[in-house]
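Student: I'd like to learn how to read a few features off a model. Can we go through one together?
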Amino acid sequence: RRPVHGPPRTRARRASARAVTLRRVRTALLTNPNAGGGSASAFEDLPERLAAALGGAVELRASETAEALRAAAEAVGREGFERVLVAGGDGTVQLCVHGLARAGALGRVTLGIVPAGTGNDLATFLGMPLDLDAAIAALARARSAPLDLGDMNGQWFANASCGGYFGAVSEATSSELKSVAKRLAYVLAGASVLLQHTPTSARLRADTEFGEIEWEGPLSLFAVCNGMTVGGGRPLAPEASVSDGLLDVFFVRDVSTTSLAALLLKMGRGAHLEDDRVIGFRARSLSFEFAGPTPVNVDGEVAEVERAVYRVHHHATRILMPDMTAADAAARAD
């Protein structure tokens, strides 16, 4: 005979399972009205649209400045939000990551990106569509996946950090230029910097997947990548993975202005790693020591440093990635 207490316990377990399934995920939305030259300010109804798509309330935390956005990210991290959506570009994502890191919350949140910046490199690499309606639909069916993060001198980044010529271009690409020229801003600033660029003496040490390496000499540019593209789609790290525990690194030694221009054209096609003037590798950590202050950007935020120390944080957080169909994947490849 079946024990009298059997069915009630079974019903209790099923009821408990239903309760877990129905529990709402606490979701915050961080917006940067200055991202993409002000495009994010047009999304007043974005929280309601996201809530409808995700099936739960979305709490808006709007910020007017970079420090305010970092503070908002830190606050939602300390308040126990489990899902943090970011409306902005790579710089906005970086500010969010940095704030969550200050709250010690990276390991317990899942990030999601609504692309609204100038470059949107990380979002595009992850497969997020740039159209707002399509992005909301993609988030609704997205899966949570592990995401590595890097840091340079303690400054966190999700996509990439670049220096030398690239850092100078970032300095020259003002918010006003981005507002007017959008992605073309990087091209215009790059052309201006190229004519004035001079290399800097540097010393490199790196813990690579094949052992320690050291190099010293004049340096034209370098990139330390977690994602694949920078500057609005330039594929600097065509074989990058955001979850392999390694940073994709390359640098260019001292070359003439004409040679550097030719290399930049190759970078636009992702063919630069085949060039003998480019040195590339994957590393868990590395450092550059420069002869003097050198501009280095961290997901678009620029600082002048004399020493840049990089580390990768394997599976530091999680991120929503579109669950792409075969058609989606084909469209992304095109």
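Student: Does Ser287 count as buried or exposed?

Tutor: A word on the source before that: this is a predicted model, where local features need pLDDT of at least 70, side-chain atom pairs count only at pLDDT 80 or more, and totals for chains, interfaces and linings use all residues. Residues are numbered from 1 along each chain as its sequence is written, and side-chain values use heavy atoms, with hydrogens and water left out.

Tutor: Now the general idea: buried means under 20% relative accessible area, exposed over 50%, and partly exposed in between, using a 1.4 Å probe and protein chains only. Ser287 has 9% relative accessibility, so it counts as buried. Across the protein chain, buried residues make up 50% of the 334 residues.

Student: Where does Ser287 lie, and what is it in contact with?

Tutor: Strands are DSSP runs of E, at least two residues, numbered from the N terminus. Ser287 lies in strand β11, residues 278-298. Contact means heavy atoms within 4.5 Å. Beyond its neighbours within four places in sequence, Ser287 touches Arg203, Leu204, Arg205, Arg307, Ala308 and Val309.

Student: And which phi does Asn153 have?

Tutor: A positive one, about 55 degrees, although Asn153 is not a glycine. Asn153 sits in the loop between β5 (143-152) and β6 (155-157), and its relative accessible area of 39% makes it partly exposed.

Student: What about His315: which element is it found in?

Tutor: His315 is in strand β12, residues 301-321. Its phi is positive too, about 50 degrees, and His315 is not a glycine. With a relative accessible area of 39%, His315 is partly exposed.

How values were computed: Helix = DSSP H or I, 4+ residues; strand = E, 2+ residues; numbered from the N terminus.
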